[in-house]
Amino acid sequence: LQGEVCCYRILNHMDFVETIVAISTPPGAGGVGIIRLSGPRAIELGRTLFRTTPPLGSRTRRVEYGKVYARGCEVDTGLAWTFEKPHSYTGEDTVEISCHGSPLILEIVVNEAIKQGARLAEAGEFTRRAFLNGRLDLLQAEAVIDLIQAGSEAGLEDAYGLAGGRLSAEVRRLKAGLVRVLSRVEVGLDFSDEDIDATSQTEIVEDLRRTLVHAKQLADSFTAGLRRQQGYLVVLTGRPNVGKSTLLNNLLDEDRAIVTPIPGTTRDLVEGKTSWQGRPIRIVDTAGMRDSSDPIEREGINRACKVMAEADLVIVVGDASAGWSEEDERLVESHDSDRCLVVLNKMDLPRLSELDDLIHSTRTVVEISALTGSGKDLLIQKILDMLPYDHTANGMVLTRQRHQDCISRMVNHAETAFEMIGAGEPDECIAVELQDGLVSLGELLGEDVGDDL
């Protein structure tokens, strides 16, 4: 009850029809607690827990003031309202009771519900009931947890789009396009002996081509979706003791990495997450790049090389007080220029004049003091400018591997059908590929496609 969402089910022991109860409270004592009941016995149990005149449920979608009862006596006062099926989140009769958020009060009310036949629900059962009753499709149901766990504005926007049905609408448009193409192919099969004008092959090809272009755009958004949900990967690299760990702590505004004057302190990857201008960022500090006989340090360097290969942006950190070395130059040259940023750290110390050529070169160079924070804002803006562009389809992104797998299978089947049409293959074979593509979209939405066809 301490700030978490707790779900309960009410079991009718005569016919085993379940009613879900969810109770949520703000962190700590005080505030407001909400008790939500959904199912066949929601109003019945709501009237047991909440007393008002007229009885709860007599006036739907109207807020009623009354008393909360448990153990046969009044334990609190509050507000309550009801929703009749199917016009509720779950599609069933629903009651919501708002009372004071004291954990003790809510515990008493919960125990009263248990006394009436309640038991703890499985995780996500409230939303699962909404899916089973057709109030949400599978994409929207999955988006509920993404909405709760969103750690950035971009992730929140994506999750809200999924929960609100925008991605579902895009997928349904793909589905409608395939249904149109397959229907025309089926017409040719069903009436092959009749003297009727079949839809021209050109129209079928163009309709399938448009659907394929849209599907590929959606499939290509998966990488952007992962970035927006998990964070853009920014890796700090450089020679030992150039200030990478200090820079990591400065960018995260926390002491995440150990900082000492001893070179080679960082042996493993040290990662932290932050959010800049609504974009989630993962920053990884790596072991100093140098030849080493220490097996632990060598393993740290190997891990650094692997994470740099996956990075959206690599920041090569140099020591402005020590000059630019051949090792620094090799590090920069080992990465593409469009995903490599040079940072000259320790600008609070006297800078060597030999760095002037580097600073005024065509490379992207930012001067900073990780110790004092000077230049931090400029560095953050430069990082954001160099991060890859979010390629999305109509503002929608795929955020789960399951989404990507379903769309990719649909694209493969549609492409095969497209090639078969061009090669003059039998319509029966083309229809099979299109039907398999529809099955993949139905799996994505969590529904059958037979009736649509």
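**View 1. L371 sits in the loop between β14 (365–367) and α13 (376–386)**. The model is predicted, so to speak of local features we ask for pLDDT of at least 70, and side-chain atom pairs count only at pLDDT 80 or more, while totals for chains, interfaces and linings use all residues. Residues are numbered from 1 along each chain as its sequence is written, and side-chain values use heavy atoms, with hydrogens and water left out. Is L371 buried or exposed? L371 is exposed, at a relative accessible area of 66% (buried is under 20%, exposed over 50%, partly exposed in between, with a 1.4 Å probe and protein chains only).

**View 2. L371 meets T246 and D348**. These are its contacts once residues up to four places away in sequence are set aside; contact means heavy atoms within 4.5 Å. L371 and T246 lie 125 residues apart in sequence, yet their C-alpha atoms are 6.7 Å apart in space.

**View 3. Helix α14 (residues 401–422) packs with helix α15 (residues 427–445)**. Helices here are DSSP runs of H or I with at least four residues, and strands are E runs of at least two, numbered from the N terminus. The α14 and α15 axes are 8 Å apart, at an angle of about 165°, and the two helices are therefore roughly antiparallel (angles over 145 degrees).

**View 4. Residues of α14 and α15 meet across the helix pair**. Among them are C406, M410 and I421 from α14, with I430, L434 and L441 from α15. By class, this contact has 11 nonpolar, five polar and five charged residues; Ala, Val, Leu, Ile, Met, Phe, Trp, Tyr, Cys and Pro count as nonpolar, Asp, Glu, Lys and Arg as charged, and the others, Gly among them, as polar.

Technical notes: Axes are lines fitted to C-alpha atoms, for helices over the stretch in contact, and angles run from 0 to 180 degrees between N-to-C directions. Angles under 35 degrees count as roughly parallel, over 145 as roughly antiparallel, 65 to 115 as roughly perpendicular and the rest as oblique.
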